[in-house]
Amino acid sequence: MIRGSAALGLVLALASCRSYDYHSRISHTGGLVPAEQFARYGREQAQAAAIARRFAEARQGSSAAARTDSALAYARSQPDVSGAVADPLSYRLTVDFKSGWRLGVVPLGD
């Protein structure tokens, strides 16, 4: 009886473990302003949408750091971006614009 309950507890504990792949939850755009509409708000918003799309394209990289390198280089190449920092484990880029606007960019899957 004790072995049965220990085995059941072990099975329940293993079944409750979830994956730590947050990409699908972060890149889900349900309820947000569509990227095309957001890009029409202004020049910086259009650049942010382009960075987010590039970030989604870079998903095929082998490691977490490799996935963000392409998007980070693209963000830094934008004319209005003064700085960009990557957080590869949480799938986010923090982009600073010359106007003082700071934005957290996540992958944007269209």
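Predicted model: local features only at pLDDT ≥ 70, side-chain atom pairs only at ≥ 80, totals over all residues.
Which strands does α4 lie across, and at about what angle does it run to β2?

Residues are numbered from 1 along each chain as its sequence is written, and side-chain values use heavy atoms, with hydrogens and water left out.

Okay, back to the helix. α4 lies across β1, β2 and β3, and it runs at about 155° to β2. Axes here are lines fitted to C-alpha atoms, for helices over the stretch in contact, with angles from 0 to 180 degrees between N-to-C directions.

Now the overall layout. The chain has 5 helices and 3 strands, and from the N terminus the order is α-α-α-α-α-β-β-β. Those elements are DSSP runs numbered from the N terminus: helices are H or I with at least four residues, strands are E with at least two.

How far do we trust it? The mean pLDDT of the chain is 78, and 75% of the residues score at least 70; pLDDT being the predictor's confidence in each residue, from 0 to 100.

The 3 strands make an open sheet in the order β1-β2-β3, with antiparallel pairing. β1 and β3 are at the edges with a single partner strand each, so one side of each has no neighbour in the sheet. Neighbouring strands are turned by 20° against each other on average, direction ignored.

Going pair by pair: β1, residues 81-87, and β2, residues 92-97, are joined antiparallel over 6 bridges. For pairing, DSSP has to find at least two bridges between the strands. Val81 has Phe97 in β2 as its bridge partner. The two strands form a hairpin with 4 residues between them, and Tyr91 in the turn has a positive phi of about 55°.

Then β2 and β3 pair, also in the antiparallel sense, over 4 bridges. Leu93 has Val105 as its bridge partner in β3, and Val95 stands opposite Leu103. That hairpin has 4 residues between the strands too, with Gly100 at a positive phi near 100°.

So what packs inside? The largest nonpolar core has 15 residues, and the ones with the most contacts inside it are Ile51, Leu93, Val95, Phe97 and Val105. By nonpolar core I mean a set of buried Ala, Val, Leu, Ile, Met, Phe, Trp, Tyr and Cys residues joined through side-chain atoms within 4.5 Å. Two or more residues come from each of α4 (43-57), α5 (64-77), β1, β2 and β3 (102-105), and α4 gives the most, with 4. In soluble globular proteins, nonpolar side chains tend to be buried together.

Have a look at Val95. Leaving aside neighbours within four places in sequence, Val95 is in contact with Ile51, Val81, Gly83, Ala84, Trp101, Arg102, Leu103 and Val105, where contact means heavy atoms within 4.5 Å.

Buried is under 20% relative accessible area, exposed over 50%, partly exposed in between, with a 1.4 Å probe and protein chains only. Of the 110 residues in the chain, 31% count as buried.

Last topic, the charges. There are 2 salt bridges, each being a side-chain nitrogen of Lys or Arg within 4 Å of a carboxyl oxygen of Asp or Glu. Arg43 and Asp80 meet at 2.7 Å, N to O. That pair links distant parts of the chain: Arg43 is in helix α4 and Asp80 in the loop between α5 and β1, 37 residues apart. Arg43 is exposed at 55% relative accessible area, whereas Asp80 is buried at 16%.

The other pair is Arg102 with Asp96, again 2.7 Å, N to O. Arg102 is exposed at 59%, and Asp96 is partly exposed at 22%.

One more thing to find on screen: Pro34, in the loop between α2 and α3 (35-39). The C-alpha atoms of Pro34 and Leu108 are separated by 9.9 Å, though the residues are 74 apart along the chain.
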